[in-house]
Amino acid sequence: MIRRPPRSTPKPSSAASDVYKRQLLAFSFLMELPMVMIVLSRILPYKSNRLANIIISSIMTIVQAATLFTADNTLHYIFLSIIEILTTAFILYTAWQWNES
């Protein structure tokens with residue numbers, strides 16, 4: 001009887017796949033920032049809340065605007081990106097104008 005290795009034999013990891021996995025993790029954190037901000041907006045004090053909203057909305061606006069300049073954007077992606085850019089820019093403007101009351 002000839003013994004064969006199982007079909008699901010793990011392949012050795014390459015350095016390129018490790019970089020790709022780290023990029024996926026970094027972008028996963030980036031994608032979670034708006035959801036985290038909803039919670040933080042409810043629990044942070046005024047100054048920290050305002051600063052966090054300004055920083056995160058700036059980051060999200062810049063990142064989303066930068067993705068519009070890639071070559072393979074579809075019309076629905078461009079439409080949704082513009083909506084997200086306008087929304088995060090509005091959050092930035094609103095946070096900038098906040099007065100403690």
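Where is Ser-57 found? Ser-57 sits in helix α2, and we'll come back to it in a minute.

First, some ground rules. This is a predicted model, where local features need pLDDT of at least 70, side-chain atom pairs count only at pLDDT 80 or more, and totals for chains, interfaces and linings use all residues. Residues are numbered from 1 along each chain as its sequence is written, and side-chain values use heavy atoms, with hydrogens and water left out.

Okay, the overall picture. The protein chain has three helices and zero strands, and from the N terminus on, the order is α-α-α. Helices here are DSSP runs of H or I with at least four residues, strands are runs of E with at least two, and both are numbered from the N terminus. Of the 101 residues, 15% count as buried. Buried means under 20% relative accessible area, exposed means over 50%, and partly exposed is in between, using a 1.4 Å probe and protein chains only.

Now look at helix α3, residues 75–97. It has 23 residues and reaches 33 Å from its first C-alpha to its last, close to the 33 Å expected at 1.5 Å a residue; that expected span is 1.5 Å times one less than the number of residues. Its buried residues are Ser-81, Ile-85, Thr-88 and Ala-95. And what covers them? The cover includes α2, residues 46–67.

Ser-57 counts as buried because its relative accessibility is 5%. Leaving aside neighbours within four places in sequence, Ser-57 is in contact with Thr-88, Ile-91 and Leu-92, where contact means heavy atoms within 4.5 Å. Its side chain also reaches the backbone oxygen of Asn-53 at 2.6 Å.

Buried or exposed? Gln-64 is buried, because its relative accessibility is 11%. With neighbours within four places left out, Gln-64 is in contact with Tyr-77, Ser-81, Glu-84 and Ile-85. The side chains of Gln-64 and Tyr-77 make a polar contact at 3.4 Å. For that term we need a pair of N or O atoms within 3.5 Å; within protein, one must be able to donate a hydrogen and the other to accept it, and residues adjacent in sequence count only if both atoms are side-chain atoms.

Last stop: Leu-86, in helix α3. Leu-86 counts as exposed, because its relative accessibility is 57%. That's all from me!
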